[in-house]
Amino acid sequence: MLSNTDIAELLAQQAETETGILARAFRRAARNAFLWPEEVSDLLAQTRSLTELRGIGPFIEKQVRQWIEKPHQAKTVPAIRRDFLSLAEARILLAARRDWPTKLRSDLQMHTRWSDGSGTVAEMADAAVNRSYDYIAITDHSKTLKIAGGIDERALKRQGMEIAKFNAALSKSAPHVTVLRSIEMNLNPRGEGDMSPDSLRSLDLVLGSFHSALRTTEDQTERYLAALRNPHVHILGHPRGRIYNFRIGLQADWSRVFAEAVRLDKALEIDCYPDRQDLNVELLKIARDHGTRISLGTDAHHAWQLEFIDLGLAAALRAKIPSDRILNFMPILELHSWAEHVRYGKALKG
């Protein structure tokens, strides 16, 4: 029986044979396949309509049913669409290891109306409370990423005041979640950030990410080493910069990158957004062998997208990342301690 990831690939291949509206519809359905909460095979077994699923109308449902009724050998999955998990697959993996999701205390990448998100700080915190988190990091974009409404130092300070007031109010309620002051700082190809050092010192965490020159085919190892050596960066966000069926991402000597992260005791991220899933399982296995710290962030721009964390949890589980290497499993005081040690260049033991 075809899995949702198999169907996603067939939809993507079909899109390449179509034009206009049909091509867009098949591409959209392929991306949405990773978000379907149940396997298509389960819906069919229950004689349910596939139009329950996001991105599936009657025409595409008919095509999917034909593929299932008459299976055929799919083409090799191209690298630009390879090594992505579906939400349904992730939840099956997590259901088999019920202890694993219970370790999760936080989500360390999300965006609000301060940049390009749709929710307020309070709305994102409320969603985190509903997920029984202990803390979250608000990581709005920094100033040079103008397309995403990046914030400057002055806006970052105002946001910090809002978060401080919100945390003070939250501390009087139960249950509550602590909101960490953070930022997704835009890094240039030399690993340099775009925010003043003074503005970063007051933050709990700094996530550094590349958003430019992401289509180069040359080895980018030195770019990553420079970013990790940036004294203000704690976590390297969506490291490869890949996007499903759009951009394959950067290449590097990943063993060197992960080893340098270990030397500096810094973390690399699993961006759990369905189109990103970056780091992917293949690279996570290399990170595991080096003992690199891993951070999980949904990159959520809407409160409902916090559910994407399941994709990162499942990827870490499949790659057999030890739980003590995952930042999101740390109690908040331990996370603060790690962040301070990284900030002052003193790696923690263990």
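This is a predicted model: local features need pLDDT of at least 70, side-chain atom pairs count only at pLDDT 80 or more; totals for chains, interfaces and linings use all residues.
The largest pocket is lined by 17 residues, and those nearest its centre are Asp116, His141, Arg276, Asp299 and His301. A pocket here is an open set of points on a 1 Å grid over the protein atoms alone, with protein on both sides within 12 Å along at least five of seven lines, and a lining residue has an atom within 4 Å of a point. The volume of this largest pocket is about 270 Å³, where a volume is the space filled by probe spheres set on the points, and grid points are joined across faces, edges and corners. By class, its lining has five nonpolar, seven polar and five charged residues. In this classification Ala, Val, Leu, Ile, Met, Phe, Trp, Tyr, Cys and Pro count as nonpolar, Asp, Glu, Lys and Arg as charged, and the others, Gly among them, as polar.

Residues are numbered from 1 along each chain as its sequence is written, and side-chain values use heavy atoms, with hydrogens and water left out.

I turn to the cavities, which are sets of points where a 1.4 Å probe fits but cannot get out. The structure holds two cavities of 30 Å³ or more. About 60 Å³ of space lies in the largest cavity. Its lining comprises 13 residues, with Leu85, Gln277, Leu279, Leu311 and Ala315 nearest the centre. Which element gives the most to this lining? Helix H12 does, with three residues; strand E7 (267-271) and H12 each supply at least two. Helices (H or I, at least four residues) and strands (E, at least two) are DSSP runs, numbered from the N terminus. By class, the lining of the largest cavity has seven nonpolar, three polar and three charged residues.

The second largest cavity has a volume of about 30 Å³. Among the residues lining this second cavity are Arg82, Arg240, Arg242 and Arg247, and its lining divides into five nonpolar, no polar and four charged residues.

Next, the helix packing. The axes of H11 (residues 281-290) and H12 (residues 309-318) come within 9 Å and cross at roughly 55 degrees. Axes are lines fitted to C-alpha atoms, for helices over the stretch in contact, and angles run from 0 to 180 degrees between N-to-C directions. H11 is therefore oblique to H12; angles under 35 degrees count as roughly parallel, over 145 as roughly antiparallel, 65 to 115 as roughly perpendicular and the rest as oblique. Val281, Leu284 and Lys285 of H11 make the contact with Ala315, Ala316 and Arg318 of H12, contact meaning heavy atoms within 4.5 Å.

Finally, helix H1 (residues 4-15) and its partners. The axes of H1 and H2 (residues 20-32) come within 8 Å and cross at roughly 160 degrees, which makes H1 roughly antiparallel to H2. The contact of H1 with H2 has eight nonpolar, one polar and one charged residues. With H4 (residues 58-69), the axis of H1 comes within 11 Å and crosses at roughly 120 degrees, so the two are oblique to each other. Ile7, Leu10, Leu11 and Gln14 in H1 meet Ile60, Gln63, Val64, Trp67 and Ile68 in H4.
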